[in-house]
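Please open the structure in your viewer and keep the selection tool at hand.

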Amino acid sequence: MRNRYIGVILLAALGLTVSQQLYSREIADDDEVLRIQKQLRRELTAIKGRQVAFFVYMSQNVLINTISKYKTFVYDRVETNVGNGYNVQTGNFTAPESGIYVFHTTTAAVDKSHSTIEIVANGQVKDITWADAMDHNDRAVASSMTVPSLTEGDVVYVRVGLLFAGNYLESNQYTRMSFSGFKLA
């Protein structure tokens, strides 16, 4: 009887509903409990879907004279790419499954440089920031976070916005230009 209650508690703790046959009968031994635990883990994984998360950054500074309006940033250092949604060749993140996602970007402009940065999903601007050090010698850091609902196959990327000028955007030992995201639900 004690093992039956352990099985029911496991079901409740995971918040899952398993067919009546699994917990209506008395669980005979520990092997049965382990079998049910494995099935619950499989069901929990199926409910949650795949894990999706990425973190990428620029390995070096970006010279302003190498960018143009609406140019997609291609972050060349991949730290994390669970679900393989980020493409290091194009700079695009393609949603491997539908859901609510969180995206974040950080950009630093240095010494009389500036740039607007846009997070774009399926061609629509979702968020804009402006790293603005255009009138002083120092760095200015801008970051952005947006939470869009995506359908499998939707594409998200970071690009240069309308305004940019100066020397360079900084990505080095002091600060990193980065782009990251994960599936929330």
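Begin by selecting Y75 together with its surroundings. Not counting residues up to four places away in sequence, Y75 touches V56, Y57, M58, Y86, V88, T105, V158, M177, S178 and F179, where contact means heavy atoms within 4.5 Å.

Two remarks on the source apply throughout. The model is predicted, so local features need pLDDT of at least 70 and side-chain atom pairs count only at pLDDT 80 or more, while totals for chains, interfaces and linings use all residues. Residues are numbered from 1 along each chain as its sequence is written, and side-chain values use heavy atoms, with hydrogens and water left out.

**The nonpolar core**

Next, select F73, Y75, F93, F103 and F179. Within the largest nonpolar core, which has 29 residues, these five touch the most other members. A nonpolar core is a set of buried Ala, Val, Leu, Ile, Met, Phe, Trp, Tyr and Cys residues joined through side-chain atoms within 4.5 Å; buried means under 20% relative accessible area, exposed over 50%, and partly exposed in between, with a 1.4 Å probe and protein chains only. At least two residues of this core come from each of β1 (53–57), β5 (99–110), β6 (114–121), β8 (139–146) and β10 (155–165). Strands are DSSP runs (E, at least two residues) numbered from the N terminus. In soluble globular proteins, nonpolar side chains tend to be buried together.

**The aromatic residues**

Now colour F54, F73, Y75, Y86, F93, Y101, F103 and F179, which form one aromatic cluster. The whole structure contains 12 aromatic pairs; rings of Phe, Tyr and Trp (its six-membered ring) pair if their centres lie within 6.5 Å, and planes under 30 degrees apart count as stacked, over 60 as edge-to-face and the rest as tilted.

Zoom in on F54 and Y86. Their ring centres are 5.8 Å apart and their planes lie at 10 degrees, so this pair is stacked. F54 belongs to strand β1 and Y86 to the loop between β3 (77–82) and β4, so the pair ties together parts that are 32 residues apart in sequence. Both partners are buried: F54 has 3% relative accessibility, and Y86 has 5%.

Move to F55 and Y57, whose ring centres are 6.0 Å apart with planes at 35 degrees, so that pair is tilted. F55 is partly exposed, at 28% relative accessible area, whereas Y57 is buried, at 11%.

**The open sheet**

Switch to a cartoon view. Which strands form the open sheet, and in what order? The order is β4-β10-β6-β7, and the pairing is antiparallel; two strands pair if DSSP finds at least two bridges between them. β4 (93–94) and β7 (124–132) stand at the edges with a single partner strand each, so one side of each has no neighbour in the sheet. Between β4 and β10 there are 2 bridges, and T94 stands opposite V155 in β10.

Within β6, select T116. T116 counts as buried, at 9% relative accessibility. Leaving aside neighbours within four places in sequence, T116 is in contact with I128, T129, W130, R159, V160, G161, L162 and L163.

**Strand β8 and S144**

Select β8 and inspect its two faces. The covered face holds A140, A142, S144 and T146, and the uncovered face holds R139, V141, S143 and M145. In a regular strand the side chains alternate between the two faces of the sheet. β8 pairs with β5 in the antiparallel sense over 8 bridges, and A108 stands opposite V141.

Is S144 buried or exposed? S144 is buried, with a relative accessible area of 5%. The C-alpha atoms of S144 and H104 are separated by 5.4 Å, although the two residues are 40 apart along the chain. The side chain of S144 also makes a polar contact with the side chain of D127 at 2.4 Å. A polar contact is a pair of N or O atoms within 3.5 Å; within protein, one must be able to donate a hydrogen and the other to accept it, and residues adjacent in sequence count only if both atoms are side-chain atoms.

**Two loop residues**

Finally, select Y70 and N122. Y70 is in the loop between β2 (62–63) and β3, with phi near 70 degrees, a positive value. N122 is in the loop between β6 and β7, with phi near 50 degrees, also positive. Most residues other than glycine have a negative phi.

Key. Helix = DSSP H or I, 4+ residues; strand = E, 2+ residues; numbered from the N terminus.
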